[in-house]
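Here is a friendly note to read alongside the model. Please keep the sequence and the picture open as you go through the points.

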Amino acid sequence: MTDYVSIRDLGVAAVIGVHPWERETEQTLVFSVLCLTQLANAVAVRSESLPIWKIGYFSNRPLVAAVAMGVALQAAVVYVPPLQRLFGTVPLGPGEALVV
């Protein structure tokens, strides 16, 4: 899983280098990628011997709820103005959100 995270992070860095975004937008993109990648990692490392599709994506309901809450909180940090000021984020446009 570590290689997947590294490749994704490099991909985001390449996209950030290609597009002349503002510094705050780049920081928000990196922050969002790191947060959401950790949530995906939590789902991926549930078993050392079985892949996720054999275990079942929704077999651990507390984990599913925690991941859903994490995604919702990440969206709130990016799109809710008081949280934007607190965390120093800016709203992402549709194209930027697809990068994440």
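The numbered points below go from the whole chain to single residues.

1. **What you are looking at.** This is a predicted model, in which local features need pLDDT of at least 70, side-chain atom pairs count only at pLDDT 80 or more, and totals for chains, interfaces and linings use all residues. Residues are numbered from 1 along each chain as its sequence is written, and side-chain values use heavy atoms, with hydrogens and water left out.

2. **The overall plan.** The protein has 6 helices and 0 strands. Helices (H or I, at least four residues) and strands (E, at least two) are DSSP runs, numbered from the N terminus. Read from that end, the order of elements is α-α-α-α-α-α.

3. Of the 100 residues, 23% count as buried. Buried means under 20% relative accessible area, exposed means over 50%, and partly exposed is in between (1.4 Å probe, protein chains only).

4. **Contacts along the chain.** Contact means heavy atoms within 4.5 Å. Among contacts with a separation of 6 or more, 53% are between residues 24 or more positions apart.

5. **Helix H4.** How does the span of H4 agree with its 19 residues? The expected span of a helix is 1.5 Å times one less than its number of residues. For H4 (residues 61-79) this gives 27 Å, and the end C-alpha atoms are 27 Å apart, so the two agree. The buried residues of H4 are Leu63, Val67, Gly70, Gln74, Ala76, Val77 and Val78. Their cover includes H2 and H5.

6. **Thr28 in H2.** Is Thr28 buried or exposed? Thr28 lies in helix H2 (residues 23-44), and it counts as buried because its relative accessibility is 1%. Beyond its neighbours within four places in sequence, Thr28 is in contact with Val78, Gly88, Thr89, Val90 and Leu92. A polar atom of the Thr28 side chain also lies 2.9 Å from the backbone oxygen of Glu24.

7. **Arg46 in a loop.** Look next at the loop between H2 and helix H3 (52-55), where Arg46 lies. Arg46 is partly exposed, because its relative accessible area is 24%. Leaving out residues up to four places away in sequence, Arg46 touches Ile52, Ile55, Gly56, Tyr57, Ser59, Asn60 and Leu63. With Ser59 there is a side-chain polar contact of 2.6 Å. A polar contact is a pair of N or O atoms within 3.5 Å; within protein, one must be able to donate a hydrogen and the other to accept it, and residues adjacent in sequence count only if both atoms are side-chain atoms. Arg46 and Leu63 are 17 residues apart in sequence, and their C-alpha atoms are 9.6 Å apart in space.

8. **Two residues of H5.** Gln84 lies in helix H5 and is buried, because its relative accessible area is 13%. Not counting residues up to four places away in sequence, Gln84 touches Val77, Val78, Tyr79, Thr89, Val90 and Pro91. Leu86 is also found in H5 (residues 81-87), but Leu86 counts as exposed because its relative accessibility is 64%.

9. **Glu96 in H6.** Glu96 is found in helix H6 (residues 94-99). Its relative accessible area is 16%, so Glu96 is buried. The Glu96 side chain reaches the backbone nitrogen of Gly93 at 2.7 Å. Glu96 and Leu29 are 67 residues apart in sequence, yet 7.5 Å apart in space, C-alpha to C-alpha.
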